[in-house]
Amino acid sequence: MQGFRGFIKLSLLPRRPIQVLSTRTMATVSTPTGENPTPITKSAAKKEEKRLEKAAKLAAKTAKVAGTGEKKVKEKEKKDVEPPFVNKTPMGEKKDLTEPMAAGYNPIAVESAWYDWWEKEGFFKPQFTSDGKVKPEGLFVIPAPPPNVTGSLHIGHALTTAIQDCLIRWNRMLGKTTLFAPGFDHAGISTQSVVEKRLFKATGKTRHDLGRERFLETVMDWKNDYQSRITRQLHRLGGSYDWDRAVFTMDEKRNKAVIEAFCRLHEEGIIYRANRLVHWCVKMNTTLSNLEVDQKQLNGRTLLNVPGYDEKERFEFGVLVSFAYQIEDSDEKIIVATTRPETMLGDTAVAVHPDDPRYKHLHGKFVKHPFVDRRIPIVTDSIVVDMEFGTGAVKITPAHDPNDYEVGVRHKLEFINILNDDGTFNANTGEKFKGMKRFHARNAVVKMLKEAGLYVETKDNPMQIPICSKSGDVVEPVLKPQWWVNCKPLAEEAIKRTQAGELLITPKTSENEWYRWLEGIQDWCISRQLWWGHRCPAYFVNIEGADLDPNDGANWVVGRTIEEATERAKAFAGDKKFVLEQDGDVLDTWFSSGLWPFSMMGWPDQASPDLQTFFPSSVLETGWDIIFFWVARMVLLGIKLTGQVPFKEVYCHAMIRDAHGRKMSKSLGNVIDPIDVIEGVALEALHEKLKDGNLDEKEIVKATAGQKKDFPKGIPQCGTDALRFALCAYSSGGRDINLEILRVEGYRKFCNKIFNATKFAMLKLDESFVPEPTAKPTGNESLVEKWILHKLNVAATDLNAQLAERNFMTATTAAYNFWLYELCDVYIEAMKPMTDESAPAATRKSAQQTLYTCLDLGLRLLHPFMPFVTEELWQRLPRRPNDPTPSIMVSSFPVFDKDYVFEAADQQFDLVFSTLKTGRSLAASYNLQSDIQFFLHVQTDEEAALFEPQLSTIVALTKGCKSAKVVRELKDIPEGCGGTVVTPTIAVHTLVRGLVDLDVEIGKCDKKLDLAKLNLGKITKLEAQADYEQTVPENVRQANSDKRKTIEAEISTLELSRNMFAKLK
C-alpha cells in the first residue's frame, strides 16, 4: 500500500513559520558546493535539506540515464475519470456516507447537501436551556450587515460572511446561545440607479415614463429577484444564519421603525428642516451622502466628458481661472481666481484679509458684476482668506461652495442659487445665461470675460473634483430645503460611552478614526429626491389663504399615521382650512440602516422577545470604510432611541483589492463573484457576465482585457472551505487585502490534504475499532502520542485565544500548522509501525485511540473556518459510546485541557525530531536516497533511554532509511561515516563509504575545522576577559557557553570524520 506521504504534493501551500529550538543544529559535513562551512541553524538546515534533496534526485536521475545510455520515457498512468458529481440527497435529508470515500477531494461533492440538512435540523437557531433561558455559557449575537439588493454578492461579502460565520460557529461550539441574524437592505439610490439604467438599456424608457407606482413595482421585482440570488450565495458560503428571522429594511415592521424614529427625533428637536448646502447629482436628480461622492484627482488641465452632454464634448477641469472685478466708482480692479468660473454668476461678495495693506482702502466698498445687475460688497474675513495665496482676494459664492457658505453666514450675505435641478442655469444668472447648461455656461463666462477685458489668465491647478459614484456626474454644491439630523449632541454621548468602555473598536486604527470623526461631526442631511425608499413622514400644512414658506420647518408637521399628522395640523392651523402635502422625498438609506441592530429585533415594540433577548448585539463586523457612514449612525441612533450602545464590539475588516492592489471595479473586470471561486469559471464565461451588467461597450472592452490579464485560464474551482479559510487567513488587521486566487487554490490543496489524511488514517481504524468513552489519556501513551496530544492542546489554546482577540490570520495558522506539520507530517507517519499487525495489541490500540482523538478534535478546530469538509469527514468517524452529537457544528469546541499537558514529552520528542531532521539533511548532503543507515552517538544514559524506543519512528519519518542505531562509544561508529552535530552531546552519523570522493571530503573537513577553531577562539577569548563575569548578563554568558560547547562538539565530530576518511584512503 502506498504510504500517506505519497498522497499529495502541497506546492502552493503557505510555508510554516520557523520555530526556534533550544538546541542549535550544526552540520559537520559540508554541502556538495564546497562552500566554506558555517554553523547551520534549524531554518537554514531546513532550506539546505530541501535543496540537497532536489540535487540528489537530479543526480540519481542523471546517473540512471548515464548507466542505460538512453533516457527512459515514463508512460503516463491512465487514471479513471470520475463522472461529474450529481447530488442525489433529497433536500433537507442527511447525506448518505455508507459508500466508500471518493478517490480524491471534490469540493462540489463534499459541500453538497449539508447546508439544507443543517437548516432543516434547526442547528442555525439559537439554543436555550430547558426553561427557555440563555444558556449559562453565554450569549453571542451578530446582526449581519444587510447586503444591498442592487446585485449579486462580490468577494468582499464573502470576506464578511467568512469572518462572521467563523465567530458564530466558534461560539456555538463553545456552548453559547448564538444568533446570526440575516437581512437585506433596499439601498435607495444604488438600487434605483441600477434599475433605471437597466430599464433604459432594455426599453429606452425612464422612470418618469412609467410613473412612480409602476416604477416602484419594477424595482420591487428586481429586489425579489436579487434577494433570492443573494440568499443562494449566502447558502453556498455556508453562513449559518437563522433564516426564519430574515428581514428587509422596507418590510412592514422596519417601515414602522423608520417612521417612529423620524417622528420621535423630530419631536425632540433632533431632526429639523433647513435650507443648506447639499451634494447634488444632476444626472440622478437627488441629494447624495458623502459616501456616494468620489473624489477624482486631477494633476492639471484635463478635458472630461460629463454625463448629460454629447459624448464628443469635453470640458476643462483642473485649471485656475483668474479674472477681475471692477471697483465701483473707480478705475481700479481687484483680481480673483476660481476653478469654477461659471459660479461667478452667483457671487455675492469679494473677501480680503482685514490686515492686508493692499486692500485696506477698499474695505466697505463694492465691485460691479459685469453680467448681472448686482453690487457685490468687499468684506474682510481672516478665516477664509490667506494673504500669501494668489492675489489675497477671494470671490464668495455662498449658495454653491461649502467654505463660501460659512462666509455668507458670518457676514449675512445674500445666498443666490443659480442652478436648476436639471443642471441648467436659472433666472438669477440673467437672460444671457438663463436655461444654459452649467458647463456650456462655464465656457460662455470665460468667453464673455475676455470680451469685457476682465479675463486675466488660466493656469494648471492640481485638484480633486467630486464625482457621483452612481452616475459618474460632476457633483454640485446646491442650496436645498432638506431634513437634517443634529448630530453633535448624539456624537458627544457616543464618545462618552466609548471612552467608558461600553464599545470596543478594533483594530486600533479604526478606533482613532472613530474619535476623530465624531469630534468633528457635522449635521446629517437625510432627504433624498428618489422614489425608492422610505417616504418622509412629514407634511407641509398648506393653509388656505396663507402664503407659507415650505422651506420653513415651522410650517410642517410629522405623524406616525395620517391621522396623527392631521390632528397636529389642526392644532397648527386653528380654525383655518388646510391641505396636508406629504414630502415627496425619501429618507437616506443610512437612516433606516442606522436602526438595523434594533429594528431587526422588533423595535419599537418593547415587548418583542428578540429585542429583550438579543439586543444589544455582541459584535458588529464590517469594513472600515463605512465605520462613519453606517457604524457611527447605528451607535448615535441606538443610544438616542434605546438608551444602549447597540453592540459591544465593532471589528473592522480590510478592504479586498485585486492582486495588483487595485480597488475592485466592474469597469476593470476585477470584481470577483465568490461562486466563481467556489465552482470555477472559464475565461469566456467571465467575459459573458460583463455583458449582463450596465457597462457600456468601451467599459466592456476594458474589463475584458483586464480579465484576460488577471485570469488567463479562468478561475480554478476552489470550493467554499478553501475560500473561507483563505479569506480568514488574509485577515491580519490591516487596511487592505490583495487577493490572489492562486493562494485560495493553495488552500484547496490543504483541503485535499485533510481529506486524504483522514482517508488514510481511517484505514488504521479497522472495523473492530471503538473509541474510548472519553478523550482523556489512558496513561499508556507512547512519547510521540503524548507529543501530538500536547501539540493538539497547544493548537486549541492558541486558536481560542487568537479568535478571542480577532486575530484570524494567526488562528488559521494554528489550525493549519497542527494539521499539516504535526498531525500529517509527523504523527500519522510515526504511527505506521505502531499500528502494523506485528505491533503489540496494546501499542496498536493506544496509537489508534490517539489518532481518533486527533482527527475528532482536529476537525472541530477547523470547523469554524471550513464547515463543509469538516462535517463530511467528522460524520465518517465513529462516535464515542453514549455520544449522541448529531453534527460537528453543535459539538464541543476544543479548549485547553490540563490532561493534555505533556511538556517533558514535548521537549523530548522535539529533540528526537530535531535529530531525525538533522539526519535527513546529512543524508541529503551525500545524495543518499536508499539504504540509509543512521548511527546516533549519545553520551548520557538519559539520551540513550530517550532514543532507543524512538528508532522506529526515526526510520519511519526518514524516506529511504534502512536502520537507525544508538551508539555510546565512538569506536562503535563504522569506518567511513560522515557526521553532524545536533547538540553538544548528540551527533548523527551515516555510512557513506564508497559513495564520496575522500580527498574532497577531507578538504571540506579541514576548512570547517579551521572555521570552527576560529569561532571557538573568539568565544574563548571573550570568556577569558577579566571582568567577563561581572559585566556580561547571565543569559548572554549562558548562550556563549552553549555555543562554545556546540563548537567543541563540532570540532570533535569533524576530526572523527576526517580521520575516518583518511583511513579509507
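Which helix is Arg-860 found in? And what does that part of the model look like?

Modeller: Keep in mind that this is a predicted model. Arg-860 is found in helix H25, which covers residues 841-862. Is Arg-860 buried or exposed? Its relative accessible area is 10%, so it counts as buried, the cut-off being under 20%. Leaving aside residues up to four places away in sequence, Arg-860 touches Met-173, Trp-874 and Ile-888, plus Ser-891, Ser-892, Phe-893 and Pro-894.

Now for the helix itself. H25 has a partner in H22, residues 741-764, and the two axes come within 11 Å, crossing at roughly 155°. That angle makes H22 roughly antiparallel to H25, since anything over 145 degrees falls in that class. The crossing of the pair is left-handed. On the H22 side, the residues that meet H25 are Phe-750, Ile-754, Thr-758, Ala-761 and Lys-764. H25 brings Gln-848, Leu-851, Leu-855, Leu-859 and Leu-862 to that contact. Sorted by class, the contact of H22 with H25 has 7 nonpolar, 2 polar and 1 charged residues.

H30 passes H32 in a left-handed crossing. By class, their contact has 13 nonpolar, 5 polar and 11 charged residues.

Technical notes. Residues are numbered from 1 along each chain as its sequence is written. This is a predicted model: local features need pLDDT of at least 70, side-chain atom pairs count only at pLDDT 80 or more; totals for chains, interfaces and linings use all residues. Side-chain values use heavy atoms; hydrogens and water are left out. Axes are lines fitted to C-alpha atoms, for helices over the stretch in contact, and angles run from 0 to 180 degrees between N-to-C directions. Helices (H or I, at least four residues) and strands (E, at least two) are DSSP runs, numbered from the N terminus. Angles under 35 degrees count as roughly parallel, over 145 as roughly antiparallel, 65 to 115 as roughly perpendicular and the rest as oblique. A crossing is left-handed if the near helix is turned anticlockwise from the far one by less than a right angle, and right-handed if clockwise. Contact means heavy atoms within 4.5 Å. Ala, Val, Leu, Ile, Met, Phe, Trp, Tyr, Cys and Pro count as nonpolar, Asp, Glu, Lys and Arg as charged, and the others, Gly among them, as polar. Buried means under 20% relative accessible area, exposed over 50%, partly exposed in between (1.4 Å probe, protein chains only).
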